[in-house]
Amino acid sequence: MRKADLLTREYRTIDYVSGPLIFVTRVTGASFGEIVRITLQDGEVRTGQVLDISEDHAVVQVYEGTRGIDTAGTTVRFTGEPARISVSHDMLGRVFSGVGKPRDDGPEIVPEAVLDIAGTPINPSARDKPADFIQTGMSAIDGLNTLVRGQKLPIFSGSGLPASKLAAQITRQAKVRGEGEEFAVVFVAMGITHKEASFFMQDFERTGALDRVVFFMNLADDPTVERLAAPRCGLTVAEFLAFTHNLHVLVILTDMINYCEALREISTAREEVPGRRGYPGYMYTDLASIYERAGRLKGRTGSITQIPILTMPDDDITHPVPDLTGYITEGQIVLSRDLFRRGADPPVDALPCLSRLMNLGIGPGKTREDHRGVADQLYASYTYGRDLRRLVAIVGEEALTELDRKYLKFAEGFERGFITQGDEDRPIEKTLSIAWDLFATLPEDELKRIRKEHIAKYHPARQGSAGEGPAKGTGE
């Protein structure tokens, strides 16, 4: 008899049921995180996972929910195995549930490997520095808050703002510049509505993006505990594609607030002492176990880049979820309700945005030599224009100088021409060209953040006609 069989134990000692949890007594030899098979009286088999253990108790979260579980007639079998998922390169173009079961009426995956969804801890010394430019086609990201291969860059949204549209657009437009480098997307949707699921599916199918997407879909009416497994299943597939098949993988996680709400619900069912706003005190550690699975490994071609998307309750950026996410990740993209009301698409508020690794992915050989100076000048000029708007609300536009009016016009042009782009897929050269056209509306001596040699080379006034100079000789 195999050792695994000797360790297998079956129990009919369910003490009580609380939400998605069952509490089993007189358990010996159980391990944290191991998979459990729950057999109901009618023969139905459900899957669970050990969430907590004590001397003779085990707390098990049931993926399919606890409805119909009878404390007297239900059998619980501890398998001794961790939560695993079957992975294969053939998962590209497929749609799965939060725990990796097909949702697209396709066949089961023939696995190349079966991996623990918790992943394999990476020695920090084996990590390679995130570098190289990923072109999302979005000017607000590529130009001002560049996404770098191996980075984790979250998007902070508000209720009702088009974060889903932005996520879908990034999915279909994201490119790794350079020849011969494959690129894939792992899209993990947690707690989304049927309407949102339909939007994502139609968009991916319409644009052909689904062929390079592994889509994990957990709907709002799916079991809550499945939401906790979904991002880990997605990241396990991403690690397999990146470090076994040498693909560059972009992982999009939406919506992380739904994940954290599920975490809070489980914590409440376990009767744990709550932390800030009822969230468990270990939420920082839990989020870090997800976000820190992005990166590059020395000696490996593949990479994992993360874009978590979360909805800020009441647009509060100090809420525990965005607050902790900001600590762990390397910057943030923030959507603005004010810009959304004024028709900006996407409504990205440039001022609170940040990409801490931007300098590693821009410059000669990656984007263009003037990129850093252009971004700095855009921030400086737009900030001054926004300050002037508040001043105009108090004293009126008549009190402004001619230069101040130009900065007001610059801010308006920046929001309408640079930030707003709709469904357009902009290469980085076009993004920089639009920026230089905006600079042409200001006196040249106001461009204090850009090197003089770059002004001489790229400023439209130096090229004979606006917009021609920046585009010449800058193709991929």
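A: Happy to! Two strands count as paired if DSSP finds at least two bridges between them. Helices (H or I, at least four residues) and strands (E, at least two) are DSSP runs, numbered from the N terminus. The model is a predicted one, in which local features need pLDDT of at least 70 and side-chain atom pairs count only at pLDDT 80 or more, while totals for chains, interfaces and linings use all residues. Residues are numbered from 1 along each chain as its sequence is written, and side-chain values use heavy atoms, with hydrogens and water left out.

Now to the sheet: it is open, with seven strands in the order S1-S7-S4-S5-S6-S3-S2 and antiparallel pairing. At its edges stand strand S1 (9-11) and strand S2 (14-18), each pairing on one side only. On average, neighbouring strands here are turned by 30° against each other, direction ignored; axes are lines fitted to C-alpha atoms, for helices over the stretch in contact, and angles run from 0 to 180 degrees between N-to-C directions.

Zooming in, five bridges link strand S3 (residues 21-25) to strand S6 (residues 57-62) in the antiparallel sense. Within this pair, Ile22 sits opposite Val60 of S6. Helix H6 (residues 256-269) packs on the sheet, where it touches S2, S3, strand S5 (45-53) and S6, contact meaning heavy atoms within 4.5 Å. The direction of H6 makes about 35° with that of S3.

H6 also meets another helix. The buried residues of helix H7 (residues 283-291) pack against H6, and also against helix H5 (224-243), strand S18 (248-254), strand S20 (303-312) and helix H8 (320-328). Those buried residues are Met283, Asp286, Leu287, Ala288, Ile290 and Tyr291, where buried means under 20% relative accessible area, exposed over 50% and partly exposed in between (1.4 Å probe, protein chains only).

For the helix pair, take helix H3 (residues 163-173) and helix H4 (residues 194-207), whose axes come within 10 Å and cross at roughly 25°. That makes H3 roughly parallel to H4, since angles under 35 degrees count as roughly parallel, over 145 as roughly antiparallel, 65 to 115 as roughly perpendicular and the rest as oblique. On the H3 side, Ser164, Lys165, Ala168, Thr171 and Arg172 meet residues of H4 that include Phe199, Phe200 and Phe204.
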